[in-house]
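Colleague: Can you walk me through this model? Start with the surface, then we'll go inside.

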Amino acid sequence: MSKLVIVESPAKAKNIKGYLGKGYEVIASMGHVRDLPSARLSVDVENNFEPKYAVIKGKENFVKDLKKKADKADYVYLATDPDREGEAISWHLATLLDLDLKEKNRVTFNEITKHGVSEGMSNPRSIDIDLVDAQQARRILDRLIGYKLSPFISQKIRRGLSAGRVQSVALRLVVDREEEIRAFKPEEYWSIDAKFTNPPGKKVFGAAIYSKSGKKLKIENKEQSDAILADLENESYIVSSVKKGSRKKSPTPPFNTSSLQQEASRRLSFQARRTMKAAQELYEGLDVKGIGTLGLITYMRTDSLRISDEARAEGNKYILDTYGEKYLPKKPRFYKTKGNVQDGHEAIRPSVPSITPDMIKGSVTSDQYKIYKLIWERFIASLMESCLQETIKVEITAGDYIFTASGYTVKFDGFTALYEETKEDSSDEDSAPLPPLAQGDELKLKSILGNQHFTQPPARYTEASLIKALEENGVGRPSTYVTITSTIVQREYVKREGKQFVPTELGEAVTKLLEDKMPNIVNVKYTSKMEEDLDKIDSGDKDYIEMIRLYYDDFEKPLERAKKDMQGVKIKLKEEETEEVCEKCGRNMVVKVGRFGKFLACPGYPECKNTKPLVLKTKAKCPECGGDVIEKKTKKGTSFYGCSNYPACNFMTWDMPSDDVCPNCGKSLFRRKGNVLYCPDTEGCGFTKPASRKKS
């Protein structure tokens, strides 16, 4: 018998074919084969929101070939990814191939290993129509909102803008945080910090003033600080209290999609897209020297924290063999997933826990290794015993004043022998161990200072903290976080400053317009409720047509009102002025946005109608003629660099120019793959050096 298995990616197809062997043909659909055409609304609002699907442009021949293969095969298996999107792709494939939707031809693989593939093929089921409906409801709502709202904000603010069901809420979070920062008024406060040595006088440790006459001190200015320092001038410092205790620090759960993206951002400075690319490759399968080809991690789009008994047993064995019995908890630890989640598959974990990061290092890319190491260490650590810390808190009396100092020492390292989660703010006030101290000890004062401080505004969102906020507020789903964060940057609603997200004037204008006219679209609680209702479709507890109708009515009426209210109104943004001088009238030209992107225009329009292309100059000089190196874009929007004297000079490179110059010949250095700076004058020079982490 010939059997056709349809998966989503070629890498996955190749690896699954290796496990299935003869009698099976495995083919990749390359994602969706059918969707709502973008040239029109493609949803019949008057006819129960019926979607008008069509084969995706460019995939017509693939679908024809697929139909021929399916007709010849004795059996067709639909093995797309194990989530809503994968279920919908299987449903579209079944519809195109005229397969019976009740037939048990749907298989899923939580991991691309021999065991995972065998397990999936042994348990076929029919397509889950509830999951398909949940995906359709999201797709249709997103299309209705995006298709009808985007033209409105484009007309009122600037051509080519977009708004979305989740994207607009994410933008509002960033804008609201920026407004909090602007409104924040720093308050001055002072601390008095002392350095002491214990009686033997060897180890210096720090303590801070805490109270006076039993009342907690609040020092607001230098005058108060100086008065206290004067009071303390001739005082003795006596240890009046030593409190010892212990605390347990438990490991964090294995990763789900959100926590993986957050930790990779904090620890590795990876953007979410980069993290998910490496994770996808690890899931689909890689050839590891000495082991063979297999998927190294379980499915990487998941809300769940559950792990299988088999994976737990294998992880426990590794801990026992490597660290010993005391590193295994006497009672297994189980993690509960918060909220309403898809729990059809496990947390993200190594598919074979006995395969350590060192075993794959020479067979995978740097990104793949770093992400695997993160996932593997987090999973193993989640099974390990807690870290036991001994804490100490000391009070030091000086007249009417009390100073405090605290610290801890590690009694048993437990899981921290392998891994600890990175924090956004990694400062740890009581991390320094204190020297041996006993009640009644007289301490020697080494130094005492009053230090001025100011309260700080809330921190701007980073990609990691924005994803965390979206997850905590129930906005979006793990599979959408990458698209959400990248869209608001690509649309220039938000710009990155280092790791921080800063709203642009355009982003703030879009948010203000939506807050005023379409408040539900940027309401966190409303969007979260919508997500909850969409999740209820998964389980068959809600009809998806009724759900769409309810939210569409909530959306359409205020939009029609907003269009009427704002007839003839245009929101004007401040134009970005450049140093480029208009050669016709002498004004500084401004950046405008047209149908084909940004360009320079004279602000004197309509008296002066001068325009010219926007040239993005770099600090580098052309190695061939000495002209300016400018950034250009391909039709697909990819950056490349060329000489401003083109076509007289044909210099062009994909490598990013740097601010550095060659120490040998003085020419500008360029950055190539591997983070290496090189001199382009290869004939006479050829100088190279490692690039610093700082961006050029």
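Modeller: The chain exposes about 36600 Å², and carbon and sulfur atoms supply 48% of that area. Accessible areas come from the Shrake-Rupley method with a 1.4 Å probe, and for residues only the protein chains shown count as cover. This is a predicted model, where local features need pLDDT of at least 70 and side-chain atom pairs count only at pLDDT 80 or more, while totals for chains, interfaces and linings use all residues. Residues are numbered from 1 along each chain as its sequence is written, and side-chain values use heavy atoms, with hydrogens and water left out.

Colleague: What share of the 696 residues is buried?

Modeller: Buried residues make up 46% of them. Buried means under 20% relative accessible area, exposed over 50%, and partly exposed in between, with a 1.4 Å probe and protein chains only.

Colleague: And how many helices and strands?

Modeller: The chain has 17 helices and 30 strands. These are DSSP runs numbered from the N terminus: H or I of at least four residues for helices, E of at least two for strands.

Colleague: Which residues of helix 1 are buried?

Modeller: In helix 1 (residues 10–20), they are Lys12, Ala13, Asn15, Ile16 and Leu20. They pack against several elements, including strand 1 (3–7), helix 4 (114–122) and helix 9 (272–284). Contact here means heavy atoms within 4.5 Å.

Colleague: What follows helix 1?

Modeller: Gly21, with a positive phi near 75°.

Colleague: Switching topic. How do the axes of helix 6 and helix 15 cross?

Modeller: The axes of helix 6 (residues 167–183) and helix 15 (residues 505–517) come within 9 Å and cross at roughly 105°. That makes helix 6 roughly perpendicular to helix 15. Angles of 65 to 115 degrees get that label; under 35 is roughly parallel, over 145 roughly antiparallel, and the rest oblique. Axes are lines fitted to C-alpha atoms, for helices over the stretch in contact, and angles run from 0 to 180 degrees between N-to-C directions.

Colleague: Which residues make the contact?

Modeller: Helix 6 brings Ser168, Leu171, Arg172, Val175, Asp176 and Arg182, and helix 15 brings Gly507, Glu508, Val510, Thr511, Leu514 and Glu515.

Colleague: How many disulfides does the structure hold?

Modeller: It holds 0, a disulfide being a pair of cysteine sulfur atoms within 2.5 Å. Cys643 is in none, and the nearest cysteine sulfur, that of Cys625, is 3.4 Å away.

Colleague: Is Cys643 buried or exposed?

Modeller: Cys643 is buried, because its relative accessible area is 1%. Cys387 also counts as buried, at 2% relative accessibility.
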